[in-house]
Amino acid sequence: MDILITGLLLGGTYALIAMGLNLQYGVARIMNLANGELLVAGGFGAFFFYTSGQVSPFLTIFLVAPAAFGVSWLIYRIMLRPLVNRAKSRGQLETDSILATFGLSFVGVGLMLAAFGGDYFNYSYLARPITLAGDTFALNRVASFLAAVVICGLLYLWLNRTRAGLSIRAIAVSPDSARLVGIDVPRMAAIAFALGGAVTAVGGALISTYLTLDASAGVIFTLKALIIVIMGGVGDVRGTIVAALFLGVVETLVASLIDPGLTLAAAYALFILVLLFRPQGIFGKTPT
Amino acid sequence: MSSAEIRNLILTVIALGVCALLPMADSGYWLSIGLSIAMFTVLATSWALFSGPTHYISLATAAFFGVGTYTTGLGFETLPFWSLVALAGMFGALMAALVGLATLRLSGVYFVIFTLGLAELVRQVITWAQNQSGQKGLYVLTDITEAMIYWMLIALAAAVYLTGWLIGRSRLGFALRIIGDDETVAAHSGINTARAKVLLFMVPGAVAAMTGAILAPRYVYIEPSLAFTPMLSFQVVIMALLGGTGRLWGPLAGVVPFTLLWESISSNFPNQTTLLLGLSFLLIVYALPHGFVGLLDRLRQRVTGGVS
């Protein structure tokens, strides 16, 4: 029970990060491998404001989100749009965007190393115990989980209840047909990419309240987010959330029962099973 | 064989023979640079054999390499060295086949993601196994000198070039070029695309594992974080793409300048190597999509006025 709840709390934040990546990949068709660096940057932001001005990380996210939105939008417009325009096929765009975002990710790590050094950083915020269902948990984990739930919920409502959300979902299904019904695909793709970046950075600020990060920690989160997106199905919000919670629980199980050093191995075992048996995702339909 | 092919063959043999003389001239700094260049030539060329025609970006080099070093590390006391290299090659090929079977039936993205984490996965498992048995690393104490390692790498490079040349002439190589152009067309013309890709992926897997096995004595002490350093995979990708994957000798054109640049950056600004990696990736995507080979071809076309 203890493990289950800890896993679910972790999975909630994972869901947020994976939603960010899913928006970028499902709509803008860019597999953004620099996603984890944005997450770490969000964490650095929360760290910086908390240690220098005692600003709560839950307030910092209102600063981190617009900043990450702006940065992601610029990255999409300046660096990735030319690739979309020059690509002759989906496959070529995939290869190009993977290499370009790898480049970005390394540049990001390099810049953060130069700015903050290679040390681990963490801070103590809301590190008080709280009792849930008979077991004690750290308050910062619970608070981060609740914040993640609220943001995921808002995102879900926005995607399913508004006109802009409808356009975004239409592009995810078929970019060509979306253009035919009068949707400004390039503009909406840029917005989806920027929004995905903002969501990921907020996830980073939340996760930094209870995990220790360092400048090069991003790639592990990128990997986990990718595994979640593939497990849940590209462009599927519900699947992403279920897959993220599932991964959180499995990881916590392995970490507490076998060895904390094997979390990525656990994520990979899940990944292999999904690839072998349900490559279209948990809720995905079999392509005809 | 046409006369041009015979000429190329003779030139390659002479070039490799000249390279093999390096340990006679210097046994210090330049030999160690030569060793790095030979190692990356082997890795990048075998990488390009698979990723060049198929456009699948493999980041698994470090995983295979690490498996190779551990094969030597665990077996050098009981088995002769040459058999360990062969054994490492078999392990590498087997691992590549398993990875290929799981991912190569699907789109390229799954493959990249999977190979990206493979080295980290194997590293975690080995670290865990070592913690269980209570040891931290392995000492590889042999009487193999740097010069011998260098010669073995040159021999391996010759084998890689020969394999690449033979694949290029075979039905498999032809099938792969079609897959690279258009996978649907390839499938419709009766090519078993998954099988061709898995078979070819076994080549870089085996070669990288053999390279790791050969280099293990140089490290003297091996531990998981050293043997499975993810940097290696990225260096190999950059060198191969920088040179160009369209020709067999293309990666070599990227290996030599990048190794020299890397050596000077990492000795003068050790914290900026990640930034260098990132900028190189961006340079390749935005300025040199076909590498130095592509640039050379364009220049040649301009000189001859488009008449080939």
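Q: Which residues touch the most other members of the largest nonpolar core?
A: Of its 189 residues, these are Ala18(A), Val202(A), Ile228(A), Leu153(B), Ala209(B) and Ile238(B). Helix H10 (residues 193-219) of chain B gives the largest share of this core, 15 residues. The model is predicted: local features need pLDDT of at least 70, side-chain atom pairs count only at pLDDT 80 or more, and totals for chains, interfaces and linings use all residues. Residues are numbered from 1 along each chain as its sequence is written, while chains are lettered from A and ligands numbered from 1 in the order in which they are written.

Q: What is Ile238(B) in contact with, leaving aside neighbours within four places in sequence?
A: Ile238(B) contacts Phe258(B), Leu277(B), Ser280(B), Phe281(B) and Ile284(B); contact requires C-beta atoms, placed from the backbone, within 7 Å.

Q: How many residues does each chain put into the contact between chain A and chain B?
A: Chain A puts in 31 residues and chain B 29 residues. On the side of chain A that touches chain B, H4(A) supplies the largest share, 17 residues.

Q: Why are H6(A) and H8(A) called roughly perpendicular?
A: The axes of helix H6 (residues 163-173) and helix H8 (residues 185-207) of chain A come within 10 Å and cross at roughly 100°. Angles of 65 to 115 degrees count as roughly perpendicular, so H6(A) and H8(A) are described that way. Ser167(A), Ile168(A) and Ile171(A) of H6(A) meet Val185(A), Met188(A), Ala189(A) and Ala192(A) of H8(A).

Key
Axes fitted to C-alpha atoms, helices over the stretch in contact; angles between N-to-C directions. Helix = DSSP H or I, 4+ residues; strand = E, 2+ residues; numbered from the N terminus. Parallel < 35°, antiparallel > 145°, perpendicular 65-115°, else oblique. Contact = placed C-beta atoms within 7 Å. Core = buried A, V, L, I, M, F, W, Y, C linked by C-beta atoms within 7 Å. Buried ≥ 20, exposed ≤ 12 C-beta atoms within 10 Å, placed from the backbone.
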